[in-house]
Amino acid sequence: MKFNKIIALFLFFLGASVFGQRDSVIAIPLSQYPQELLKTDEFGKKYYYDERQKMKVYEINGETVVVMDELVLINKPKFNNQLDRNYYLFLNKKLYRVYPLFVAALQQYRDIQKDMTDLDSKSKRKYVKDRQNMLADQYEKQLRDLTTTEGQIFAKLMNRATGKNVYEIIKELRGGWSAFWWNVKGKMADIDIKDKYDPHANRTDQYLESLLQSNWNSGYLQPYPGAKDFKVYK
């Protein structure tokens, strides 16, 4: 069984161009921005505010000057060889494809948790089944072509955001028996759904954490609610 099918069904339980990754700030001369969008600061200086990169762009003495709302310094992983570097860039492309689906799934999961707070066991089962049918119609087309790597990234991101691996989330929503069988199916696809996100012990996780921070810092991806609550412990 392909892992994309496992992730597709897992998401149902919860309810191709790609930008190249850059860590540098991108700004053009102030005169090239739409003049009607320019603002004036408290000192009477005109500037353009870039919403995506969260920065102000000024022109001072003929030079383009950028003032960031926040600057996050990131330690990039060290690459042993060109293969490592290529793998890092490969993961970045996969992350761009998976990230919107992950953010949607995370919101669905949090909504389900909130909605089930006061439900008894029977009502919870009916509620999750109804949500499963609704989400199947909504996400099946998008998930159909996910690769195994993209499915793995999805699972890693869910663990980073919730503190629970795929097995634990399925067990919470569908019970231990369903989680057991999903674990069996995962192993058939050479995937461990009990795997944890650990940027210190796992090279792929280390790369993903670096890519997340870099893309958030550059404005190419928006942090999901609670993203900064995750702590990387050694």
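This is a predicted model: local features need pLDDT of at least 70, side-chain atom pairs count only at pLDDT 80 or more; totals for chains, interfaces and linings use all residues.
Two residues are in contact when heavy atoms of theirs lie within 4.5 Å.

H2 covers residues 82–115 and H7 covers residues 203–218. Their axes come within 10 Å and cross at roughly 60°. An angle from 65 to 115 degrees would count as roughly perpendicular and one under 35 as roughly parallel, so H2 and H7 are oblique to each other. The crossing of the two helices is right-handed.

On the H2 side, the residues that meet H7 are Asp84, Tyr87, Tyr88, Leu91, Asn92, Leu95, Tyr96 and Tyr99. On the H7 side, they are Arg203, Thr204, Tyr207, Ser210, Leu211, Leu212, Asn215 and Trp216. The residues of this contact divide into 10 nonpolar, 4 polar and 2 charged. In an α-helix there are 3.6 residues a turn, so residues three or four places apart point the same way.

Next comes H7 itself. Its 16 residues reach 22 Å from the first C-alpha to the last, close to the 22 Å expected at 1.5 Å a residue. Because 12 of the 16 residues are buried, H7 is largely enclosed by the rest of the structure. Among the buried residues are Asp205, Leu208, Glu209 and Trp216. The buried residues of H7 pack against H2 and also against helix H4, which covers 148–162.

Back in H2, there is Lys94. Its relative accessibility is 16%, and the cut-off for buried is under 20%, so Lys94 counts as buried. Leaving aside its neighbours within four places in sequence, Lys94 is in contact with Thr147, Thr149, Glu150 and Ile153.

How values were computed:
Residues are numbered from 1 along each chain as its sequence is written. Side-chain values use heavy atoms; hydrogens and water are left out. Axes are lines fitted to C-alpha atoms, for helices over the stretch in contact, and angles run from 0 to 180 degrees between N-to-C directions. Helices (H or I, at least four residues) and strands (E, at least two) are DSSP runs, numbered from the N terminus. Angles under 35 degrees count as roughly parallel, over 145 as roughly antiparallel, 65 to 115 as roughly perpendicular and the rest as oblique. A crossing is left-handed if the near helix is turned anticlockwise from the far one by less than a right angle, and right-handed if clockwise. Ala, Val, Leu, Ile, Met, Phe, Trp, Tyr, Cys and Pro count as nonpolar, Asp, Glu, Lys and Arg as charged, and the others, Gly among them, as polar. The expected span of a helix is 1.5 Å times one less than its number of residues. Buried means under 20% relative accessible area, exposed over 50%, partly exposed in between (1.4 Å probe, protein chains only).
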